[in-house]
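Subject: Structure handover

Hello,

Here is the structure I promised you. Please open it beside this email and follow along.

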Amino acid sequence: MSSSLIDSAAPSGVAVVPGAAAVVAGAAVAPDDIDIRQRSWIKRLLPQTMFGRSLLLIVLPLVLVQFVAIAVFYGRHWETVSRRLAIDVAGDIGLVIEAMKFTDNEVELTRLLENASSLTYIDFALERGATLPPPELDGWSLFEDQLRLALNVWVARPYRIDPNSEPRDIRVQVQLPQGVLTGDVPRKRLYTSTTYIFVLWMIGSSLILVIIAAIFLRNQVKSLRRLAAAAESFGKGRPVTFTKAEGALEVRQAAAAFVRMRARIERQIRQRTEMLAGVSHDLRTPLTRMKLGLELLGSNPAAAELKSDVIEMERLITLYLEFARGEGTEVPVETNIAELVEETAAASQRDGLAVTVEQPSRLVVPVKANALRRCLNNLVGNAGRYGKHVWLSSVSAEDGVDILIDDDGPGIAPGQRDRVFQPFVRLDTSRNPATGGIGLGLTIARDVARSHGGDVRLEDSPHGGLRARVHLPR
């Protein structure tokens, strides 16, 4: 192919981004060539969206504060309360043991234990002649540990704590000279429900705060997403209905700046189109007078040469205006790419090119059909100029459709594949139009593809020549 094709293989100094065009170091970078992936592994572990990161900024300090509060609560308040409750229980048991020394008979001892049980809510019983079973040292909780320390001080006798004896009680057994004193201590005398209420209140309030923050953040991020979608559609030449600015002040300022930028760009495009229409009219009028004057000269050999020059001038003016005008005001519509490729192949076959079509039956993408047809005609024309056979196909890509134009010609060196997309650049050093045009075919093709948000890349063809890959995003 000639200088009407594109770069697909990336030369040295090129970074390739999946789904984007190759980026040449030091060259102008197209918008789709920006790599938005996180390079640091630490940042890749963090949420990637603004919503996730903003929510993390709220949740992370909140969780840290809750952990500190719980640590302080458990380390100070809970430990202090549990210690005092354990001291009260151990003191009641010690008081009963001391009172047992002043009983003279079994009746007084029984009455003492009954009165102590009713006043302390500890169910006391004396098993005469019994001895303590082996102690259980495993599974101590904070409350049981506090009770053990209190019993060491206030009872100062061999004892055994059985926390699993009853669901609602903790059994404390104390070895006395006359036997084993058993006291079933209600768990509510050692545990305080305020601990769980405090923890549940912290967790509940945190969840409510996170839910409220998520709702507000979602509304803020929603306006940013609308702005990003509008900018993406405008960059692909699609109609944009974004007119209302919402969200925070900074987001509304960015939306207003986008609307003003869109208005300026559309005004510049209209002015350029109107100017080119005037230039086209002004240039074609004198050319028409020249053609009429040459016809009056008859069969003069000099007139024949001037006629060919005038025809070439008309062709050049048409190409220049086509390049500068771009797609004009054409609106993208849902188009079956397979049918468009078949139409291009049929038109090329009528011009005498050997074209083979290989493609799926239906691939629908919103495109500007006339502009895309111009792009494909330029690429197929270049392929047919330098090869004997052209293969056209369209394949489904991850984010759109790829149209492939292959030929069996000499191809283009990888180092020259980016250069051929520059306007008026020809790899053929001769200035003969019959051997390669004027160097605008590939430039127009890439300009059309990029106006759709895609690109044109040059690759090695499996048929031995060059492959032009036109990527069109959905």
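A salt bridge here is a side-chain nitrogen of Lys or Arg within 4 Å of a carboxyl oxygen of Asp or Glu. By that rule, the count comes to 13 salt bridges. Keep in mind that this is a predicted model. The general idea is simple: side chains of opposite charge can pair when their charged atoms come close.

**Salt bridges, pair by pair**

Start with Arg-128 and Glu-106. Their side chains meet in a salt bridge, at 2.7 Å from N to O. This pair links distant parts of the chain, 22 residues apart: Arg-128 is in strand 3 (residues 123–128), and Glu-106 is in helix 3 (residues 106–120). Arg-128 is partly exposed, at 46% relative accessibility. Glu-106 is partly exposed too, at 44%.

Next, go to helix 4 (residues 142–154). Asp-145 and Arg-148 form a salt bridge there, and their closest N and O atoms are 2.3 Å apart. The two residues sit three apart in the helix, so about one helical turn separates them. An α-helix has 3.6 residues a turn, so residues three or four places apart point the same way. Asp-145 is partly exposed, at 24% relative accessibility. Arg-148 is partly exposed as well, at 25%.

Now find Arg-467 and Asp-406. Their closest N and O atoms are 2.7 Å apart, in another salt bridge. Arg-467 lies in strand 13 (residues 466–473) and Asp-406 in strand 11 (residues 400–407), so the pair ties together parts 61 residues apart in sequence. Are these two residues buried or exposed? Both Arg-467 and Asp-406 are buried.

There is also a network of salt bridges. It links Asp-418, Arg-446, Arg-450 and Asp-455.

**Helix 10**

Why is helix 10 (residues 441–451) described as largely enclosed by the rest of the structure? Because nine of its eleven residues are buried. Buried means under 20% relative accessible area. Just after helix 10, Gly-453 takes a positive phi of about 85°.

**A charged patch**

Last stop: the surface. Arg-260, Arg-264, Arg-267 and Arg-270 form a positive patch there. Arg-264 lies in helix 6 (residues 249–296). Arg-264 is partly exposed, with a relative accessible area of 41%.

Best wishes

Definitions and conventions
Residues numbered from 1 in each chain as written. Predicted model: local features only at pLDDT ≥ 70, side-chain atom pairs only at ≥ 80, totals over all residues. Heavy atoms only, no water. Patch = residues over 30% accessible without salt bridge, like charges linked within 9 Å, V, L, I, M, F, W, Y side chains within 5 Å. Areas by Shrake-Rupley, 256 points an atom, 1.4 Å probe, with all protein chains shown as cover. Lys, Arg positive; Asp, Glu negative; His and termini not counted. Charge placed at Lys NZ, Arg CZ, Asp CG, Glu CD. Helix = DSSP H or I, 4+ residues; strand = E, 2+ residues; numbered from the N terminus. Buried < 20%, exposed > 50% of the residue type's maximum accessible area, 1.4 Å probe, protein only.
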